[in-house]
Amino acid sequence: MENYKNVDVDKLANIYFEGNVISRNIFFKDGSKKTLGVMLVGQYVFNTGLRELIEINAGKLNLKLQNYNDWQLITTGMNFNIPKNSSFKLEVLELVHYTCSYFDD
């Protein structure tokens, strides 16, 4: 999907890692929430509260999930799931545009 229709968007961005990761919250009529963001080249560690689905719209990164030893290459068009109450590491290899969906289960 290239765009979303009939959503509400926060005016202020979420800014992480000294501005190297920036996203905006979008809210759907059914009550669900997503973030649309950009990550600059670098290494980052994220913590989750909810289960997340991260879709890579453009770019390339390496992913290391909590309790895993291996890194996985993720590129444009791929996605990955992050369990709730966990953490994950990213090594962004080239500018990444992403969508993150959140789930309460």
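A contact here means heavy atoms within 4.5 Å. I am working from a predicted model.

**Contacts along the chain.** I looked up how far apart in sequence the contacting residues sit. Of the contacts with a separation of 6 or more, 59% join residues 24 or more positions apart.

**Secondary structure.** I counted 0 helices and 9 strands. The order along the sequence reads β-β-β-β-β-β-β-β-β. I then checked the radius of gyration: it is 13 Å, close to the 13 Å from the globule rule for 105 residues, so the chain is as compact as a globular protein of that length. The C-alpha trace spans about 40 × 30 × 25 Å along its principal axes.

**Core.** I went to the largest nonpolar core next and found 17 residues in it. Met39, Leu61 and Phe80 have the most contacts inside this core. Which strands each supply at least two of its residues? They are E5 (42-47), E6 (51-65), E8 (79-82) and E9 (87-103). Strand E9 gives the most, with 6 residues.

**Phe80.** I listed the partners of this residue, leaving out residues up to four places away in sequence. Phe80 touches Glu52, Leu53, Ile54, Ile56, Leu61, Leu63, Ile74, Phe88 and Leu90. Leu61, also among the core residues with the most contacts, is one of these partners.

**Burial and surface.** I noted that 32% of the 105 residues count as buried. The chain exposes about 6,800 Å². Carbon and sulfur atoms supply 49% of that area.

**Charge.** I counted 11 positive and 12 negative side chains. The centres of the two sets lie 2 Å apart.

Note on methods. Residues are numbered from 1 along each chain as its sequence is written. This is a predicted model: local features need pLDDT of at least 70, side-chain atom pairs count only at pLDDT 80 or more; totals for chains, interfaces and linings use all residues. Side-chain values use heavy atoms; hydrogens and water are left out. A nonpolar core is a set of buried Ala, Val, Leu, Ile, Met, Phe, Trp, Tyr and Cys residues joined through side-chain atoms within 4.5 Å. Buried means under 20% relative accessible area, exposed over 50%, partly exposed in between (1.4 Å probe, protein chains only). Helices (H or I, at least four residues) and strands (E, at least two) are DSSP runs, numbered from the N terminus. The radius of gyration is taken over C-alpha atoms; the globule rule is 2.2 Å times the number of residues to the power 0.38. Accessible areas come from the Shrake-Rupley method with a 1.4 Å probe; for residues, only the protein chains shown count as cover. Lys and Arg count as positive and Asp and Glu as negative; His and the chain ends are not counted. The place of a charge is taken as NZ of Lys, CZ of Arg, CG of Asp or CD of Glu.
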